Amino acid sequence: MATTNLYIDPASTSALVYIIVALVASALFAIRGIFYRFRNFFLGKGFSSRREFDNADIVFYSEGKQYWPVFKPIIEALLAKGKEVVYLTSGKDDPGLNLINPLFKSKNIGNLTYTSVYLNNLRANFVGMTTPQLDVMMIRRSKHVKHYAHIVHAPIDIFTYRKFAFDYFDSVFCSGPHQVEGIRKLEQKRNQPEKLLLATGLTYYDEMLREIEQFSNVSKNRPVVLVAPTWKEYSIINRFGSKFFEFLLEDNSYDVILRPHPQTYVSFPKLISEIESRFENHPRFSIDRNPLGTESMAKSDLMISDLSGVFWDYAFVFSKPVLLLKTDFGTIEGFEGSELDYTMWEIRNRSILGREFDESDLPQISKIVLDLLKNPPVMQIKELRENSVYNFGFAGDVAANQIISIVDQIKKSNK
């Protein structure tokens with residue numbers, strides 16, 4: 001008899017709390033909606049409950065400013081093609097709220113709880129988002145939305161996504177063929193119909209390539225090491241905490257920049273707060289919180305990472321070496337990779353990017369770094385990039401055309 005393995009991580013635990021809160025909020029939202037409809041009726045306005053963006057053709061939802069570089073190239077391409085766009089965000093400081101164009105409308109729809117209620121009642125032809133697990137976690141499919149799309153924002157394989165990350169989307173805008181391979185295999189295992197998988201690429205690469213020139217002559221006093229871990233349980237900072245940086249900073253011949261994944265501040269706030277407090281006054285340590293890490297990547301000479309997709313950004317865009325923590329992904333439950341029986345794309349190809357280290361190397365990490373800085377490996381990744389990333393440098397325009405095609409098809413089928 002088949003058994004089911006249950007896995008609840010700290011991030012999911014908080015999400016469960018949010019779900020309970022969201023259910024209460026949804027009930028209150030529904031009651032409020034009924035109240036306003038009856039009020040409008042008695043004022044002679046009918047029972048209409050429409051909101052300002054109802055029945056839009058193209059809507060994007062963003063969790064906050066960190067994802068604006070993903071949406072910006074697509075939105076700019078759509079506007080240039082004369083298409084109206086609605087941009088909804090949960091970040092009050094999202095740069096997308098400042099974009100001015102007669103075809104563009106934007107709104108901050110509040111925190112996670114209110115956001116889920118708002119999106120769950122949305123009316124639109126197309127909704128695109130970077131948030132995975134549609135209809136699994138808090139964001140549910142609205143019966144009034146014709147098409148939901150997930151926009152991939154990392155060059156990684158699908159192994160490290162949470163379970164059912166893409167199952168309930170109508171399409172996925174993929175960055176490379178390895179994602180298509182993984183999603184198709186999961187569809188077969190779960191006996192699901194094939195969704196639309198598009199050869200899009202990484203739209204934020206468009207933005208990074210635009211920014212590179214302004215950071216090409218960044219001044220520095222010594223070499224710079226950029227630490228860019230993922231936010232998940234197997235990351236460098238989750239496994240080693242402050243101790244990692246204590247070892248790394250033993251050699252004073254280079255500076256260190258930590259660029260945490262934005263989700264770290266949501267899922268592990270205590271951990272990142274402890275690291276920030278511990279090193280806030282260290283003269284050779286700084287933290288990069290910018291939405292795109294272009295400046296710190298341009299400034300640095302070496303990246304240290306784990307299974308984060310950012311080290312591929314570093315290699316593909318800057319052709320600089322990386323030092324990677326060995327990660328035994330086979331022991332990690334609760335992720336899509338637990339159902340896939342082949343070696344993930346990152347593991348198959350990461351050896352060409354530089355060097356790996358494990359926990360036993362921690363006391364010597366500064367020596368390893370110094371050796372790599374003095375003797376950087378020759379980077380030969382052009383062929384890998386061409387085979388692994390669709391439409392490098394112009395993915396935004398490709399995505400815009402794909403969205404227009406989807407919307408046109410919806411309108412055609414509705415006639």
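Which residue follows α4, and is its phi positive or negative? The residue that follows α4 is N191, and its phi is positive, near 55 degrees. The model is a predicted one, in which local features need pLDDT of at least 70 and side-chain atom pairs count only at pLDDT 80 or more, while totals for chains, interfaces and linings use all residues. Residues are numbered from 1 along each chain as its sequence is written, and side-chain values use heavy atoms, with hydrogens and water left out.

Helix α4 covers residues 177–189, which makes 13 residues, and reaches 19 Å from its first C-alpha to its last, close to the 18 Å expected at 1.5 Å a residue; the expected span is 1.5 Å times one less than the number of residues. Helices (H or I, at least four residues) and strands (E, at least two) are DSSP runs, numbered from the N terminus. The buried residues of α4 are H178, Q179, G182, I183, R184, L186 and E187, where buried means under 20% relative accessible area, exposed over 50% and partly exposed in between, with a 1.4 Å probe and protein chains only. What covers these buried residues includes β6 (171–174), β7 (196–199), α12 (345–349) and α14 (382–388).

The largest nonpolar core has 74 residues, and those with the most contacts inside it are F60, I75, L78, F126, M303 and I403. Such a core is a set of buried Ala, Val, Leu, Ile, Met, Phe, Trp, Tyr and Cys residues joined through side-chain atoms within 4.5 Å. Leaving aside its neighbours within four places in sequence, L78 is in contact (heavy atoms within 4.5 Å) with I58, F60, K83, V85, A400, I403 and I404. A second, separate core of 30 residues includes L248, L271, I272 and V369.

Aromatic rings form another theme, for the structure holds 22 aromatic pairs. Rings of Phe, Tyr and Trp (its six-membered ring) pair if their centres lie within 6.5 Å, and planes under 30 degrees apart count as stacked, over 60 as edge-to-face and the rest as tilted. The rings of W68 and Y87 have centres 5.0 Å apart and planes at 70 degrees, so this pair is edge-to-face. Because W68 lies in helix α2 (residues 68–80) and Y87 in strand β2 (residues 85–89), the pair ties together parts that are 19 residues apart in sequence. Both W68 and Y87 are buried. F279 and F285, by their geometry, form a tilted pair, 5.2 Å centre to centre with 35 degrees between the planes.
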